[in-house]
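Reader: I would like to learn how to read cores, cavities, pockets and domain contacts from a set of coordinates. Please take one case and go through it with me.

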Amino acid sequence: MLPNQLVCRPEQAGAVAVLRINGTLDQLTGDALQQAIRLRLATGPSRLLLDVTEMRVGDPLGLAALSAAVCETAEWPNVPIVVCGADEHTRETVVEAPDCEGLEFSDDCDEAIAEGAAEPEPPRVHVRLRPVPDACRQVRTLVTQSCTAWQRGELAAIAALIATELVANVVRHAHTTMEFTVTALRDGRLCMSVRDHSRRMPKPTEAAVTDAGGRGLRLVRDLTDAWGVLPVNDGKVVWTQLNAGPL
């Protein structure tokens with residue numbers, strides 16, 4: 001008997017990330033779904049739409065991938081995950097799965113895409129950087145200018161410091177090109193993320209007083225309200241959040 005297959009086809013509709021899922025979801029194919037969802041989340045969408053019209057649940061244990069996605073997106077990018085096109089059996093199975101209560105449902109995928117695209121996007125700046133020391137200066141200037149333009153000047157200094165450390169960590173350790181994004185959400189959060197192509201996971205270290213370095217991620221941890229790492233199959237996203245007043 002041939003093993004079940006699951007094909008996840010990514011699409012983009014403006015700020016709405018779409019994942020068309022075709023095949024059977026079970027324990028074996030759940031990992032493929034989780035990786036595909038992580039890759040979509042890594043783009044920092046305003047909404048993630050899962051088209052399950054052509055998907056069937058072969059084993060409810062495969063839904064652990066969806067549960068994990070709901071947990072991973074709770075803090076960053078903190079976007080609605082919409083399951084659309086589910087038949088009655090699939091919808092009931094998903095609703096009964098542990099930790100899947102954060103999912104939204106829509107009967108019509110095109111309608112869900114249109115609703116997401118119609119929502120105003122928060123102010124955002126996205127830039128690609130090479131892993132060179134000057135990238136730190138570039139991102140520091142970008143964040144300072146963005147905070148000023150978004151009337152968040154009180155966060156400029158600390159945000160620029162955090163952004164510098166995030167980028168410097170890629171320059172020192174990952175040695176890959178990177179994508180830096182800063183977003184001002186209307187609930188008062190300032191979000192910054194760096195996507196690189198190294199699977200080496202960052203870890204804050206307790207540097208000694210005499211050590212020349214090693215304090216970067218500890219600074220990020222201490223200065224932010226929240227931070228974390230989203231691993232993807234070709235690298236990772238390190239994200240941070242600062243809280244301020246609403247726009």
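Reader: Which residues line the largest cavity?

Author: First, the basis: this is a predicted model, in which local features need pLDDT of at least 70 and side-chain atom pairs count only at pLDDT 80 or more, while totals for chains, interfaces and linings use all residues. Residues are numbered from 1 along each chain as its sequence is written, and side-chain values use heavy atoms, with hydrogens and water left out. Rolling a probe the size of a water molecule over the atoms shows where empty space is left. On a 1 Å grid over the protein atoms alone, a cavity is a set of points where a 1.4 Å probe fits but cannot get out, and lining residues have an atom within 4 Å of a point. Here the lining of the largest cavity consists of E165, L166, N169, V170, V194, D196, L217, K236 and V238.

Reader: How many cavities are there, and what is the volume of the largest?

Author: Grid points are joined across faces, edges and corners, and a volume is the space filled by probe spheres set on the points. The count comes to one cavity of 30 Å³ or more; the volume of the largest is about 60 Å³.

Reader: Which elements supply the lining of the largest cavity, and which classes of residue?

Author: Elements are DSSP runs numbered from the N terminus: helices are H or I with at least four residues, strands E with at least two. At least two lining residues each come from α6 (156-174), β8 (189-196) and β10, and α6 gives the most, with four residues. For classes, Ala, Val, Leu, Ile, Met, Phe, Trp, Tyr, Cys and Pro count as nonpolar, Asp, Glu, Lys and Arg as charged, and the others, Gly among them, as polar. The lining of this cavity has five nonpolar, one polar and three charged residues.

Reader: How is a pocket read, and what is the volume of the largest pocket?

Author: A pocket is an open set of points with protein on both sides within 12 Å along at least five of seven lines. The largest one has a volume of about 650 Å³. It is lined by 34 residues, of which G44, P45, S46, R124 and T183 are the closest to its centre. Two or more lining residues come from each of α1, β6 (124-129), β7 (178-184) and β8. The largest share, six residues, belongs to β8. By class, the pocket lining divides into 14 nonpolar, ten polar and ten charged residues.

Reader: What about the largest nonpolar core: how many residues does it have?

Author: In soluble globular proteins, nonpolar side chains tend to be buried together. A nonpolar core is a set of buried Ala, Val, Leu, Ile, Met, Phe, Trp, Tyr and Cys residues joined through side-chain atoms within 4.5 Å. The largest here has 35 residues, and those with the most contacts inside it are L19, I21, L33, I37, L50, L66 and L103. The elements that give it two or more residues include β1 (6-13), β2 (16-25) and α1 (30-41). β3 gives the most, with five residues. Domain 1 and domain 2 both give residues to this core, so it lies between them. A second, separate core of 31 residues includes V139, V143, W150 and V182.

Terms used: Buried means under 20% relative accessible area, exposed over 50%, partly exposed in between (1.4 Å probe, protein chains only). Domain bounds come from an automatic or database domain assignment.
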